[in-house]
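Here are a few notes to read alongside the model, written for someone who is new to looking at protein structures. Please keep the sequence and the 3D view open while you go through the points.

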Amino acid sequence: MDVLPERAHDGRPASQRVLASWQRSQEYGVSLDQVHPAFTGGLDTESLFFQCGDQVLRDLQQTLAGEPISLMLTDSDGIVLNRHSGDDSLLRALDAVHLAPGFGYSEREAGTNGLGLALADRSPTVVRAKEHYAQSLTEYTCAAAPVLDPTSGRLQGAVNLTTWSDSSHDLLLALAQSAASNTAALMLTRSQGRTPHPAPRGEVFRVVAPHLEPGSGSTFALSTGWGQALDHASSAIAAGRVVAAVGEAGAGRVTLLAQALRRVQPRSRILSASAPAPQDLEPWLMLWTPEVGKPDTAVIVGDVDVLPLWAADRLAQLLIASAGLPIVLTAERLEDVPAPLLPLIETVVPLPALRERPEDVVPIALHVAARARGREVEITAAARRALTDHAWPGNVTELVRVIRHAAMRADVIDVRHLPPSVLSAASRRLSRIERFERDEIVRALSRPGTTMQQAAAHLGMSRATLYRKVSQYGVHVPRA
């Protein structure tokens with residue numbers, strides 16, 4: 001690392017992010033002289049991410065005609081998917097360092113560089129001239145911004161802009177961020193109206209016995225799938241292993257681990273920390289890590305698969321130093337867990353999505369309704385069928401939101417108290433007018449004792465038209 005200060009851009013001290021990246025580059029064994037990125041044959045040019053990103057970069061390149069800038073899209077592994085530029089001399093130079101489609105430019109392959117660091121830290125990044133790890137890249141300045149899937153929050157890749165190191169680069173990062181944002185927005189537009197993934201808030205909260213843990217609590221029995229996952233997690237925690245609950249967001253991963261911890265250590269307090277946005281990571285870590293190792297304290301670290309490498313590395317060091325202490329993790333997919341953490345996970349507990357555990361829907365709904373109202377709340381047979389039949393793309397999180405709203409409207413929850421989205425299954429994105437029409441149809445059909453003929457008359461349409469609309473919007477209103 002002693003060579004880094006001499007090579008920092010314009011004599012300025014290198015940032016902590018760059019220093020950490022250099023350290024990782026050394027550990028990866030990257031050459032200080034030349035980059036030798038691996039070449040991969042087939043590129044995924046059919047994905048929604050590529051189609052949207054390529055369109056955004058083509059449009060941007062037209063506005064930058066004549067500028068010595070190369071615009072690129074990479075996947076989440078740092079493999080360059082495309083490249084657009086009107087400067088032939090820059091393209092020839094980039095070919096010489098293999099910054100071209102098909103080549104991998106992750107930190108592991110090419111050392112510290114703009115796109116590699118943006119992917120590693122999941123944060124917009126500029127790497128200027130001599131801040132690059134490899135000497136052959138010091139002629140360039142690179143700005144990159146990660147692109148997250150707007151519906152899942154999963155890292156898709158990055159937008160990278162590269163220019164000569166002696167060119168003006170003040171606006172380079174802003175352009176990269178704008179292109180990444182436009183790519184995500186276009187993906188959302190073309191994703192058939194799925195709900196945007198909320199930005200992580202990085203919540204930290206304590207659960208002190210005998211209070212209920214996060215989510216649906218532990219006061220009732222659930223399905224066999226849930227029970228098996230709970231037994232698996234409990235036995236691993238009791239054996240002192242590092243456990244990761246893996247499954248879709250909102251499926252109940254934190255609740256599962258909290259129940260397992262409570263089973264193994266009934267009187268412990270549980271500290272739950274869910275990963276925040278990258279800019280909030282430092283204070284987030286400072287807030288909860290001093291609690292690790294305190295007597296009768298267990299820690300759940302949520303969504304470790306979205307952590308940048310530097311934060312994952314710090315968490316890995318904490319796990320190593322706290323061997324045997326109850327620290328458990330959650331992630332959506334094991335393959336997305338950062339490299340420093342992956343080898344430390346000793347037990348993986350898969351948790352099925354709520355749509356794969358339909359028998360859990362009604363018990364959770366009854367529990368949530370009781371907690372919302374402070375007493376038992378009844379759910380009619382028709383409403384139970386509607387809840388069980390729904391696919392719950394938002395998992396338990398969506399169910400909790402629906403039931404809390406319904407429980408505050410009625411003493412007995414019926415289908416008319418459920419939102420139209422639960423009582424329909426449209427196969428495409430609906431316009432605002434179509435959503436209004438669907439909602440009115442659902443309201444009319446949800447009235448107790450209403451026939452199709454009566455609903456059609458109330459809506460001012462023929463019964464044949466109503467049947468067609470019901471089929472079009474996938475409306476299903478169970479009868480008592």
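1. Before the domains are used below, note that domain bounds come from an automatic or database domain assignment. The model itself is predicted, and for its protein chain the assignment gives domain 1 (16-190), domain 2 (205-352), domain 3 (356-423) and domain 4 (432-473). Taken over C-alpha atoms, the centres of domain 1 and domain 4 are separated by 51 Å.

2. The second largest pocket, with a volume of about 730 Å³, is lined by 26 residues, of which Ser-76, Asp-77, Leu-119, Leu-155 and Glu-335 are the closest to its centre. Its lining draws at least three residues from domain 1 (16-190) and at least three from domain 2 (205-352).

3. Which elements supply at least two residues each to the lining of the second largest pocket? They are α5 (107-110), α6 (114-121) and β5 (155-164), and α6 provides the largest share, which is three residues. By residue type, the lining of this pocket divides into eleven nonpolar, nine charged and six polar residues.

4. Two packed helices are described by the angle between their axes and the distance between the axes. For helix α15 (residues 432-446) and helix α16 (residues 452-459), the axes come within 9 Å and cross at roughly 135 degrees. Because angles of 65 to 115 degrees count as roughly perpendicular and those over 145 as roughly antiparallel, α15 is oblique to α16. The crossing of α15 and α16 is right-handed.

How values were computed:
Residues are numbered from 1 along each chain as its sequence is written. This is a predicted model: local features need pLDDT of at least 70, side-chain atom pairs count only at pLDDT 80 or more; totals for chains, interfaces and linings use all residues. Side-chain values use heavy atoms; hydrogens and water are left out. On a 1 Å grid over the protein atoms alone, a cavity is a set of points where a 1.4 Å probe fits but cannot get out, and a pocket is an open set with protein on both sides within 12 Å along at least five of seven lines; lining residues have an atom within 4 Å of a point. Grid points are joined across faces, edges and corners, and a volume is the space filled by probe spheres set on the points. Helices (H or I, at least four residues) and strands (E, at least two) are DSSP runs, numbered from the N terminus. Ala, Val, Leu, Ile, Met, Phe, Trp, Tyr, Cys and Pro count as nonpolar, Asp, Glu, Lys and Arg as charged, and the others, Gly among them, as polar. Axes are lines fitted to C-alpha atoms, for helices over the stretch in contact, and angles run from 0 to 180 degrees between N-to-C directions. Angles under 35 degrees count as roughly parallel, over 145 as roughly antiparallel, 65 to 115 as roughly perpendicular and the rest as oblique. A crossing is left-handed if the near helix is turned anticlockwise from the far one by less than a right angle, and right-handed if clockwise.
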